[in-house]
Amino acid sequence: MYISSKVRLSGWLLPNGTWSECLPWEHLKSAKNIPYVIENKENNAVLQTYWDHPDEELLRSELGKIGMIKISYTLIDADYINELQLTQLQKLAQIYPLEEELEFIGKIKLKIQVRIFLKIKDPQRLNNLF
């Protein structure tokens, strides 16, 4: 897949709106060091099961279920987005050219220009797209 953006935003957006930057090829390694994820692992048997599983997509999927959003360049892997995450994601998106397209690839499925994305005020509009 060709990514046209010159912006290289990569990391995790936590449910509280905190941005945790990481290298594009180290999302899962990075997630395992985030205190929120570590705390959830202790109380989540499924997360514990997938922690070191060879199929990394299982862990990524489980991280989505606890509210984590993975961002890699213009791809946003989100199952659900809350108001804090929407606000932070819009702040982060301001570094992209307005005509750039963001693509949601989790349960939320959407391609949207940055200029339009920045106008969304209600995260439920995005959450209802799956």
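This is a predicted model: local features need pLDDT of at least 70, side-chain atom pairs count only at pLDDT 80 or more; totals for chains, interfaces and linings use all residues.
User: Is glutamine 88 buried or exposed, and why?

Analyst: Buried means under 20% relative accessible area, exposed over 50%, and partly exposed in between (1.4 Å probe, protein chains only). Glutamine 88 has 18%, so it is called buried.

User: What makes H5 a helix, and where does it pack?

Analyst: Helices are DSSP runs of H or I with at least four residues, and strands are runs of E with at least two, numbered from the N terminus. H5 spans residues 83–93 and packs on the sheet, touching S1, S2, S3, S4 and S5. Its direction makes about 160 degrees with that of S1; axes are lines fitted to C-alpha atoms, for helices over the stretch in contact, and angles run from 0 to 180 degrees between N-to-C directions.

User: How do you know that S1 and S2 pair?

Analyst: Two strands pair if DSSP finds at least two bridges between them. S1 (residues 10–13) and S2 are joined by three, so they pass, and they run antiparallel. Glycine 11 stands opposite glutamate 21 in S2.

User: Why are S2 and S6 called edge strands?

Analyst: The open, mixed sheet has the order S2-S1-S3-S4-S5-S6. S2 (19–21) and S6 (109–113) each have a single partner strand, so one side of each lacks a neighbour in the sheet. From one strand to the next, the twist averages 20 degrees.

User: What makes a set of residues a nonpolar core, and how many residues has the largest?

Analyst: A nonpolar core is a set of buried Ala, Val, Leu, Ile, Met, Phe, Trp, Tyr and Cys residues joined through side-chain atoms within 4.5 Å. The largest has 21 residues, and those with the most contacts inside it include Leu89, Phe104 and Leu126. H5 gives the largest share, four residues. Apart from it lies another core, of 13 residues, among them Cys22 and Met68.

Key
Residues are numbered from 1 along each chain as its sequence is written. Side-chain values use heavy atoms; hydrogens and water are left out. Contact means heavy atoms within 4.5 Å.
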